[in-house]
Amino acid sequence: MRKSNDWDAVFLLPLLLAVCIDAAAADLYGVLNGLRAGAGGCGTAGKLGPLKPQAALERAAKELARGNKLEPSLNEVGYRASRSKALQIRGEGVGANAAEVLAGQSYCGILQDPAMTEAGLYVEARQLWLVLAAPFAPAVPVSGPVAGQRVLALVNRARAVSRHCGSSAFGAAPPLRWNDSLAEAARWHAEDMARHNYFSHRGRDGSDPGKRVERAGYRYRAVAENLAGGQLQPEDAVAGWIKSPEHCANLMDPMFTEMGSAYAVDPRSEMGVYWAQAFGRPR
């Protein structure tokens with residue numbers, strides 16, 4: 001019986017240590033979220049949701065403790081962030097008194113950043129690392145139809161005045177009309193790029209812009225296409241096209257009389273959001 005009890009103690013010890021470590025970590029996250037909510041001298045910065053503990057960010061914090069930089073550490077643990085920052089605290093007794101150290105210092109600014117939603121802690125005897133991040137979760141705040149009409153309005157506003165696209169001068173051009181077939185061709189291509197994570201005027205099936213608008217039922221005399229990736233607002237997509245000489249030339253060309261546009265979102269893709277704009281002049 002004595003031998004059996006000894007073995008029970010051996011197996012129970014790691015379990016008890018794990019429970020203590022988990023409890024300590026939970027207490028630290030509680031301290032962080034208390035400060036985020038306004039405790040410890042931090043004034044309330046509006047209604048902020050609590051920081052969610054994230055195991056991948058804890059691993060990234062451990063990488064930082066080993067001397068790595070933040071972005072490579074996030075890549076190493078497979079965490080994709082739209083925004084991130086890190087905090088290091090060093091000193092004698094930091095590990096044993098981590099909760100008191102956090103609560104006794106003024107880290108309000110970093111903890112009350114509303115853009116940050118997830119956190120990871122790593123604590124050693126003489127150092128504490130905190131990684132805060134917002135996961136990559138691209139979203140366009142307006143629907144496809146609303147975004148399309150906004151792009152049309154912005155493009156026509158740009159066409160209403162003369163401008164230079166690179167070294168080429170363009171006079172003011174008549175406004176474009178919306179065309180559903182061109183919009184459908186743009187939507188197909190945007191969705192294909194997002195789903196299959198590529199960015200090109202040539203489709204995976206070898207199609208070019210002309211072939212795609214023909215598939216959508218559009219018979220044309222002239223056709224062109226603008227693409228953009230990563231922008232979360234129609235305004236940003238159009239602004240990028242205007243700054244690019246080739247895209248700007250398509251946008252300002254008086255030969256085109258119609259357009260359609262669309263966007264597609266896939267957080268697993270490199271750019272997250274893909275925009276396509278098809279220009280046409282019908283037969």
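In the predicted model, a search of the whole structure identifies 3 aromatic pairs. One of the pairs is formed by tyrosine 263 and tryptophan 275, whose ring centres lie 5.1 Å apart. The planes of these two rings meet at 45 degrees, and the pair is therefore classed as tilted, since planes under 30 degrees apart would count as stacked and those over 60 as edge-to-face. Tyrosine 263 belongs to strand β9, which covers residues 258–265, whereas tryptophan 275 is found in strand β10, which covers residues 273–282. The pair therefore ties together parts of the chain that are 12 residues apart in sequence.

Both partners of this pair fall below the limit for burial, which is 20% relative accessible area. Tyrosine 263 has a relative accessibility of 18% and so counts as buried. For tryptophan 275 the value is 1%, so this residue also counts as buried.

An aromatic ring is also involved in a contact of another kind. Arginine 80 is placed over the face of phenylalanine 136, at 3.7 Å from the centre of the ring.

With regard to the chain as a whole, the protein contains 10 helices and 10 strands. The chain has 283 residues, of which 42% count as buried. Its accessible surface amounts to about 15,100 Å², and carbon and sulfur atoms account for 54% of this area. Among contacts between residues at least 6 apart in sequence, 71% join residues that are at least 24 apart.

Methods:
Residues numbered from 1 in each chain as written. Predicted model: local features only at pLDDT ≥ 70, side-chain atom pairs only at ≥ 80, totals over all residues. Heavy atoms only, no water. Helix = DSSP H or I, 4+ residues; strand = E, 2+ residues; numbered from the N terminus. Buried < 20%, exposed > 50% of the residue type's maximum accessible area, 1.4 Å probe, protein only. Contact = heavy atoms within 4.5 Å. Areas by Shrake-Rupley, 256 points an atom, 1.4 Å probe, with all protein chains shown as cover. Phe/Tyr/Trp six-rings, centres within 6.5 Å; stacked < 30°, edge-to-face > 60°. Lys NZ or Arg CZ within 6 Å of the ring centre and 35° of its normal.
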